[in-house]
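Here is a brief report on a two-chain model. Please look over the sequence and structure before reading on.

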Amino acid sequence: MILELSEQQKMIRNMVREFAEKEVRPRAAELDEKEEYPHAALERMAELGILGVIIPQEYGGAGLDNVTYSIIIEEISRACASTGVVTSVHNSLTAWPIIKYGTEEQKKKYLPILARGEKIGAFGGTEPNAGSDLGAMQTTAVLKGDHYIINGSKTFITSGPKAGIIIVFAVTDKEAGPKGISAFIVEKEFKGFSVGSIFEKIGINASLTSELLFKDMEVPRENLLGKEGDGFKIALATLDGGRIGIASQAVGIAQAALDESIQYSMQRQQFGKPIAKFQAIQWMISEMATKIEASRLLVRYAAYQKDAGQRISKEAAMAKLFAAETASWCADRAIQVHGGYGYTKEYPVERLFRDARITGIYEGTSEVMKMVIAGSLLR
Amino acid sequence: MMNIIVCAKQVVDVGEIKVNPSTNKPVLEGIPKKISDIDKNALEEAIRIKEKLGGKITVMTVGPPDAKEKIKELLAMGADEGVLIPRPQGADYHIVSKLLSKGIEKLGNVDLVLCGEASIDMFSGQVGPRIAGFLDWPQLTYSFKVEAEAGKVKAHRNMGDRMVVTEASCPAVLTVTKEINEPRLPSLMQILGSARKPIHEWTVSELGMDKEPARVLEKDLRGVKMERKNIVFKDDMDNAVEQLAEKLAKEGLLG
C-alpha cells in the first residue's frame with residue numbers, strides 16, 4: 001500500500017479544495033441558517049464530475065477509485081458538512097448499489113442521470129422502528145402483475161425532499177426474516193410516493209432530511225435491485241461503502257475545526273501574546289492534528305482495501321467509529337480554543353460542533369460500529 | 001484557427017511564505033508550489049479564444065523538472081500540450097524571456113502569445129514585453145479585455161491613469177491582468193484526460209542558449225518585516241478619529 005497520494009489524486013484534491021473554498025464555504029453558514037438545500041453547489045459539482053466520481057466512465061461518470069472518492073468527500077465536508085453528506089449519499093448509497101447489483105438496463109437508465117446530477121440520490125433503509133436493527137423493517141412489497149406494490153414509510157432520509165432516485169428496502173417475504181428483504185430503485189414520480197415531514201435538526205441543516213411515505217406505490221418489476229431476498233445483503237454491503245463516505249465527512253469536519261483553531265489561536269491575543277504561544281492551546285492543537293491524521297489514514301486504508309476488492313466491514317467500521325468520535329472531539333476542542341467567541345454564532349466552530357455530532361449516529365451508530373468490529377474479531 | 005502559446009511560471013505559494021525573524025530572509029523550503037495565478041488568467045483567455053476561433057494551445061514553461069506536474073494542471077484546464085524548458089542556474093529575466101522566444105520560434109506558426117502581466121512571486125512584469133522585443137512582435141500589455149479574430153487582436157488595456165484600446169495584427173504578444181476573467185476549474189474527466197496530453201521537454205542547448213551569461217545577478221533576498229504598532233486611540237470617536245488621522249499623516253500614509 002502506498003501512503004503517498006498519486007500526482008493525479010493531488011491534482012484532484014487541489015481542484016476540489018479550490019472549488020470548495022471558492023464556491024461551497026462562502027455559503028455554508030447561510031444555507032445552514034436558512035435550512036436551504038445546496039442546489040447551486042450540486043449543479044457545479046455535476047459539471048465538475050463530482051456527482052459521478054465512482055460511476056464508471058461508460059455510464060457517464062469519472063470511474064475513480066475509493067481513495068480519491070474519500071479525498072473528495074473530505075474536502076467538500078471541510079467547507080460544508082451538509083453538502084458533503086448529500087454527495088456521499090448520492091455516490092455511496094445510491095449509485096454504488098446500482099453499479100454493484102444493477103442489471104445492464106438499470107445501469108444504463110439510472111447511472112448517467114446520477115452522474116449528470118439530473119436527479120439526486122437517496123437511500124431508504126431506516127424506519128421508525130428499524131434503525132440499527134434494519135432487519136426489523138415493516139415496509140412491504142407485494143408483486144402484482146408487472147409491478148411491486150410497496151406500502152410503508154421510511155424516516156431520517158438524507159435528501160429525502162429533493163431526491164429523484166431512491167434505493168428503497170422492503171419486505172417481500174415476511175417469514176424469511178432478513179432474507180425476506182428486497183431492494184428497489186424508486187423514482188419520486190412513481191405513483192404512491194410522497195415526502196412526509198421534514199425534520200428540524202441541530203446540524204447539517206442544509207442537507208434536508210425527511211420521511212418518505214409509500215401508499216400502494218407502484219414500482220415496475222424491472223426495478224427490483226438484485227434478486228428478491230437480496231435486500232439485506234445489499235444494504236449491509238452498501239453501508240460498508242457509505243461508512244467510507246461518512247468517515248471522510250467526519251475527517252473534513254475535524255480538519256475544519258483544526259484549521260479554525262490554528263487561525264484563531266495565532267491571532268487572539270491574551271496576556272500580551274497570541275494564545276497559540278500557550279502550552280494549553282498547543283496541546284489541544286497537537287492532539288487534534290494527531291487524531292485527524294490517524295482518522296484519515298484509517299479511512300484511506302478502508303478505501304484502499306475496497307479498491308483492492310476486499311471485504312471492508314471491519315475496516316470501514318473502525319474508520320467511521322474513530323473519525324466520527326474525532327470530529328465531535330475536535331469540534332468541542334475548537335470551541336474551547338475559541339473561548340466565549342466559540343460559543344457564539346459569529347464563528348464557524350459552533351456549526352462544526354453541531355454538524356460533527358451526526359457522524360457518530362447515521363449510517364450506523366458508533367455502537368453499531370463496535371458491534372461490527374467485535375463481530376469480526378470474536379468469531 | 002489560432003495557434004496560441006501561453007507562458008506559465010511555477011512559483012512558490014506566496015501566501016505560505018514566512019519570514020525568518022532573525023535573518024529577515026524569506027523561508028522558501030517546503031513551501032507548496034503552484035502556477036502563478038495570473039498565468040491561469042492568460043490560459044483561460046486563450047481557451048476562450050480557441051473556443052471561438054478554433055486552434056491549438058501550447059503551454060510553455062521555463063522551470064525545474066517538478067514544474068511538469070503543474071503543467072498537467074494547465075493541460076487539464078484546456079491546453080493541448082506543454083513544453084518544459086529547464087531553467088539554467090542563475091537565469092535572469094533576459095535569459096528566461098529569450099529561452100521562451102526561442103521556444104516560440106521553434107514551435108513555429110504562432111499567432112498569439114499570452115502571458116500574465118507579471119508573476120505573483122517577483123512581480124517584475126518583464127517577461128511578456130521582453131519576448132515581444134526578442135521576436136519583434138507587437139505587444140499589448142495589461143489587457144483586461146481581449147477581442148480576437150482571424151489575423152488580428154484588439155485589447156483593452158489598463159495603463160494605470162488611463163484605459164487604452166490597441167489593435168494589432170498577429171503574431172502578437174499579450175499580457176493580461178487578473179480582472180480579465182475567472183480561470184475555470186478542470187472537471188474530474190479533464191484531469192483524467194490530461195495524463196494523455198504530451199509535455200515536450202526541450203534542452204537549453206537545442207535552443208542555442210547554453211552559453212548565454214546572466215546579466216543581472218541576485219545578490220540578496222530579504223523579507224519585508226511587518227509589525228503592528230498596536231496603538232489604540234481610546235478617546236471619544238471624534239477625538240480618536242482626529243488623532244488617528246494626525247498619526248497617519250505623520251507616518252506619511254495620507255499622501
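## Where the chains meet

In this predicted model, 14 residues of chain A are in contact with 12 residues of chain B. Helix H1 (residues 7-34) of chain A gives the largest share of chain A's side, 7 residues. By class, that side of chain A has 9 nonpolar, 2 polar and 3 charged residues.

## A helix in chain A

Helix H6 of chain A covers residues 231-267, 37 residues in total. From first C-alpha to last it reaches 53 Å, close to the 54 Å expected at 1.5 Å a residue. Of these 37 residues, 29 are buried, so H6(A) is largely enclosed by the rest of the structure.

## The sheet of chain B

Chain B has an open sheet of 9 strands with mixed pairing. The strand order is S11-S10-S9-S12-S8-S1-S6-S7-S13. Strand S11 (163-169) and strand S13 (199-201) of chain B stand at the edges. Each has a single partner strand, so one side of each is left without a neighbour in the sheet. From one strand to the next, the twist averages 30 degrees.

Strand S7 (residues 81-86) of chain B runs parallel to S13(B), and 3 bridges join the two. B:Val83 stands opposite B:His200 in S13(B).

Two helices of chain B lie across strands of this chain. Helix H1 (residues 37-53) of chain B lies across S1, S6, S8, S9 and S12 of chain B. Its direction is at about 170 degrees to S1(B). Helix H2 (residues 67-77) of chain B lies across S6, S7 and S13 of chain B, at about 155 degrees to S7(B).

## Backbone exceptions

Most residues other than glycine have a negative phi, and most peptide bonds are trans. Which peptide bond is cis, with omega near 0 degrees? The bond from B:Cys170 to B:Pro171 is. B:Pro171 lies in the loop between S11 and S12 of chain B.

Key. Residues numbered from 1 in each chain as written. Chains lettered and ligands numbered in written order. Predicted model: local features only at pLDDT ≥ 70, side-chain atom pairs only at ≥ 80, totals over all residues. Contact = placed C-beta atoms within 7 Å. Helix = DSSP H or I, 4+ residues; strand = E, 2+ residues; numbered from the N terminus. Nonpolar A, V, L, I, M, F, W, Y, C, P; charged D, E, K, R; others polar. Expected span 1.5 Å × (residues − 1). Buried ≥ 20, exposed ≤ 12 C-beta atoms within 10 Å, placed from the backbone. Pairing = 2+ DSSP bridges. Axes fitted to C-alpha atoms, helices over the stretch in contact; angles between N-to-C directions.
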